[in-house]
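Student: Please take me through one part of this model in close detail. I would like the strand pairing first, then the loops around it.

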Amino acid sequence: MAANEVEVDGGGGSDTGWLVDMLAETQLEQFYARLRDDLQVTRLSHFDYVQADDLERIGMGRPGARRLLDAVKKRKAQQWKKSLITRLNPLNASKQLNGTGTMGKKAGQQLQSSSSSSDVIGLSLTCLIQEKDVSLSNKLGDGLFGVVKRGEWTTPSGRSVACAVKVLKADALSQPSVFADFAKEVQSMHQLDHPNLIRLYGVVLTQPLMMVTELAPLGSLLDYLRKQFGSVLVTVLWDYALQVATGMAYLQQKRFVHRDLACRNVLLTAQDKVKIGDFGLMRAVPQEENCYVMTEHSKVPFPWCAPESLKAKQFSHASDVWMFGQCIHSHYYSM
């Protein structure tokens with residue numbers, strides 16, 4: 001399993017007490033033996049391969065199958081959230097959150113104390129952010145499962161920081177894959193610290209879920225170049241390309257493949273400073289391997305993909321170099 005991914009499971013080893021509990025919650029206890037023996041479900045992740053037809057085949061009616069699969073989605077989201085909290089904060093996660101999913105008073109004081117000597121912006125540690133400390137304003141972008149808004153974050157030291165906030169839509173969480181993708185993006189960004197990469201400040205784990213990141217006031221490089229109508233000097237374009245290459249070299253060093261490098265995902269924090277953003281498709285290259293093979297059913301930017309990515313779903317540092325070439329090519333043709 002890749003270093004930045006978390007296995008979602010209802011219990012360890014052959015312990016299936018979690019399955020007994022879930023079936024009791026959905027009033028389907030009588031199907032325990034058939035789920036365990038006929039469908040060989042002993043881990044929560046095994047439900048990834050169970051369809052409604054499989055449940056009907058062991059005698060479960062459609063309403064019961066629907067109740068059970070809904071319960072599986074909720075339990076997966078709970079496990080992802082717990083795993084995410086554990087990875088994001090050095091404090092004891094089980095003691096850190098109260099019943100509403102926000103930081104308890106003691107944990108909040110500890111986090112503020114640990115951040116007081118050096119502002120959170122200067123730390124490599126991503127923090128859990130309380131919803132009350134984030135104010136939202138105008139929309140910067142819109143996606144299938146969420147919107148990105150301009151925001152202001154009040155840090156534990158009292159400093160107000162302009163930020164970009166990705167807010168997941170409420171109905172998006174009905175799809176477990178959405179929360180899983182959100183968790184993977186947060187876990188990946190949590191490990192990154194480079195001047196040419198958009199920085200993750202923290203996450204809000206109450207509803208709605210939010211990802212708080214560095215703001216790029218000048219927007220995407222693609223839009224910026226189009227607005228300049230050919231007035232950007234070649235030397236400036238060369239410097240932009242060098243900054244992108246530097247950021248991508250850092251990702252390679254950390255064994256990540258971006259998989260979505262394009263001008264629209266290169267952002268300007270100043271006229272002379274570009275940073276790579278949008279890490280939703282980024283994945284870690286497994287140890288002892290030289291590529292990441294896509295198994296999930298997710299969208300990828302096919303026009304930008306290398307031939308091996310299109311043919312065999314293989315993504316590597318070499319395929320990122322292909323995308324870098326496409327990105328540089330579009331620098332000139334977007335002007």
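Tutor: Start with β1 and strand β5 (residues 200-204): they pair in the parallel sense over two bridges. Two strands count as paired if DSSP finds at least two bridges between them. Strands (E, at least two residues) and helices (H or I, at least four) are DSSP runs, numbered from the N terminus. Within this pair, L128 stands opposite V203 in β5.

A word on the basis. This is a predicted model, in which local features need pLDDT of at least 70, side-chain atom pairs count only at pLDDT 80 or more, and totals for chains, interfaces and linings use all residues. Residues are numbered from 1 along each chain as its sequence is written, and side-chain values use heavy atoms, with hydrogens and water left out.

Now the sheet as a whole. Six strands form an open sheet with mixed pairing, in the order β1-β5-β6-β4-β3-β2. Its edge strands are β1 (127-128) and β2 (134-142), each of which pairs on one side only.

Follow the chain out of β5. The loop between β5 and β6 (210-214) holds P208. A cis peptide bond joins Q207 and P208, with omega about 0°. Most peptide bonds are trans, and most residues other than glycine have a negative phi.

Two loop residues have a positive phi. D278 is not glycine, yet its phi is near 55°. D278 lies in the loop between β9 (273-276) and β10 (283-284). D278 counts as partly exposed because its relative accessibility is 38%; buried means under 20% relative accessible area, exposed over 50%, partly exposed in between (1.4 Å probe, protein chains only). E288 is also not glycine, and its phi is near 70°. E288 sits in the loop between β10 and β11 (292-293). E288 is exposed, because its relative accessible area is 76%.

Next, a helix. K76 belongs to helix α4 (residues 62-88). K76 counts as buried because its relative accessibility is 13%. K76 and S177 are 101 residues apart in sequence, but 9.4 Å apart in space, C-alpha to C-alpha.

Finally, the setting. The protein has eleven helices and twelve strands. Of its 335 residues, 47% count as buried. Take the contacts (heavy atoms within 4.5 Å): of those with a separation of 6 or more, 63% come from residues 24 or more positions apart.
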